[in-house]
Structures are given as structure tokens and as C-alpha cells.
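The entries follow in the order I made them.

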Amino acid sequence: MKEANDIAGYVTETASKETGLAVGTPVIVGTDDSGAEAISTGVVAPGKMMIQFGSSIYMILGTKELVDDERLWREEFIVPGLCDISAGTNAAGSLTKWYRNTIFPDALELEQNGGPDAYITMMQDLDKIPVGSDGLITLPYFAGERTPINDPLARGILFGLTLAHTRQHMYRSALESVAYSVNQQLKIMLEHDVPIDQIFAVGGGVKNDLWMQIVADVTGKEISTPAITVGASFGDALMAASGIKYSGFESFNKLTDFIKPGKTYHPNKENHEAYKKYQNIYDSLYPATVNLMHCLSD
């Protein structure tokens, strides 16, 4: 059985013609996109974590040994001798896209007519809305949910709507809901006394500074973005260099020398304390409504 950075073979003449790569170029076994993205952020040792902000959220935390918890995914990681805990939120970027297309069509039309990016327009005044979106909490289960509930029949909820709320409140609440989901899963991981020493956030969502700050405030943990943000392709390149034992890249542990933080978001202690109330409500919403959600699918 080969490891992810082992050489699987070499570029053939046929493959060379199709790809432009030189005949004989070594090709490593490789891995999936999220695994490679995790490598690009330094998940090569216990305590290192990646949170991937794509259309969905994917979290990978390196651990010394397998963790037994049915709410999360756990497996041997692609780094030899390292295990991991994984978790996922089904709607993240797909949720913001839904808001853009459905709730902010004017922002999209403005972009299509040469105006600013719709997502930038949608962020206007969100920083003026207080923690908890004036008592509005979203369950982001717009496409069912993966961990920790593992329920394809789960439904989205906007809880606490009043006539005083605006679409800006709704959108901030959506961003906060993803942070609540991340924090809910972090809390489960920490129940097993696993260290979380460093968290790198990657993916398109990291372009949203307020969103990253919300995640830091909700979790109470520093969230960093990598200096090199090309993600999975960078991780693949690092593994390829390791596979051919290129100088300085001889092992997975050596790869961290080439992974540097870009921006770090420090949690606001006051905001973190305020978010605890809303996190507790978020954690209670699914158990309180799951039977009704399932009735909608009967």
C-alpha cells in the first residue's frame, strides 16, 4: 500500500503529448482536494487544523490517535502515523450564493451592469449590526446537514424574526450560523481532550474579513489565513516535492517550513462572551424542531 506522496509511476509518451509534461516525470499517488488543502495549511501533526470555506465547510484536525465519536468523521490521515477528526457543514458558500441570488438580486444586477462585486455590496452595514443580529439566529441546514447531526432531512430555520429585522440582519445571521456550526463541532472535538494549536482557514470565504472575525469571536480562537492561498494545488505541489525528496521537502514535517500565515483574526473577548448565549440557542434549535422538520419530508 502506497502513501499519498509515494511515486505511483512516471509520465508516459502518450500522457506527455496530452499534458505537455516531460516523459519520465514522476507522478505521486496524491489525495482528494480537502486532504491536499489541509496539507497546504500545515496539517501534518496533531493539533493542526484546517477549516475550508468553500460551497460547504470541511474541517480536518490532526490527532495522535483515532477518536471514537459517531457525531464526527475520523480516520487515518494521509500523513503516515497521523489520524484526524473531520467535520462538515453542508451550506457555507452555497448559502451566501443563495442570499445573493434570492434576497439580494439588485446587488447581483448591479454587478452584472459593471458595478462592484455583489458580495461586497451585500456586506454594507453588516458591521453595524450587533452580535447575534439583534436576536436573529439561522440554522444553515438549507441542504440538509452533515456533522454533527448527520441528517439529510434537516431544514433551514430563521429563528427570532421580527418586523425590525432587515435583509442585512438575515445575511449577518447566516454568516454567524456557519460560525456557530464550526464552534459546535470544535466543542465536540475538545470533549476528547485533543489539542487544537493552530487553525488555518482557507477557501473563497476567507476573502470576507468580517466573516472570519465572526468565526474568531464565536469560537474564541485565533483564525489564520495562509500566506499562499491557492489551496489544494499548493498542497499537491508540496507533496510532489516530498515524494521526489526535493531538497528541504524530504518529509511531511519539513513542509511546515514553507507554510506561513497571512492574516490572523484575534477573538474579541466581549463579543465571544456575548455569542455564548446565541450559541446555546443555536445548539438547542435542531433537537427542538427535528421531528417537525421530518414531517415536512413525509
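I looked up Lys-128 and found that its side chain forms a salt bridge with Asp-125, with the closest N and O atoms 3.3 Å apart. I call a pair a salt bridge when a side-chain nitrogen of Lys or Arg lies within 4 Å of a carboxyl oxygen of Asp or Glu. Lys-128 is exposed at a relative accessible area of 66%, and Asp-125 is partly exposed at 43%. Here buried means under 20% relative accessible area, exposed means over 50%, and partly exposed lies in between (1.4 Å probe, protein chains only).

A note on the source: this is a predicted model, in which local features need pLDDT of at least 70 and side-chain atom pairs count only at pLDDT 80 or more, while totals for chains, interfaces and linings use all residues. Residues are numbered from 1 along each chain as its sequence is written, and side-chain values use heavy atoms, with hydrogens and water left out.

How many salt bridges does the rule give? I noted a count of 10.

Next I took Asp-69 and Arg-71, whose side chains meet in a salt bridge at 2.7 Å, N to O. Asp-69 is buried at 8% relative accessibility, whereas Arg-71 is partly exposed at 31%.

Then I went to helix 6, where Arg-172 and Glu-176 lie 4 residues apart, about one turn of the helix. Helices are DSSP runs of H or I with at least four residues, numbered from the N terminus. The side chains of Arg-172 and Glu-176 form a salt bridge at 3.0 Å, N to O. Arg-172 is buried at 5% relative accessibility, and Glu-176 is buried at 0%. I also noted that Asp-68, Glu-70 and Arg-74 are joined into one network by salt bridges that share partners.

My last entry is on helix 3 (residues 93-103) and helix 6 (residues 167-190), whose axes come within 10 Å and cross at roughly 165 degrees. Axes are lines fitted to C-alpha atoms over the stretch in contact, and angles run from 0 to 180 degrees between N-to-C directions. Helix 3 and helix 6 are therefore roughly antiparallel, a term used for angles over 145 degrees.

Which residues of helix 3 and helix 6 make the contact? From helix 3 I listed Leu-95, Thr-96, Tyr-99 and Ile-103, and from helix 6 Arg-167, Met-170, Tyr-171, Ala-174, Leu-175 and Ser-177. Contact means heavy atoms within 4.5 Å.

Conventions
Helix = DSSP H or I, 4+ residues; strand = E, 2+ residues; numbered from the N terminus. Parallel < 35°, antiparallel > 145°, perpendicular 65-115°, else oblique.
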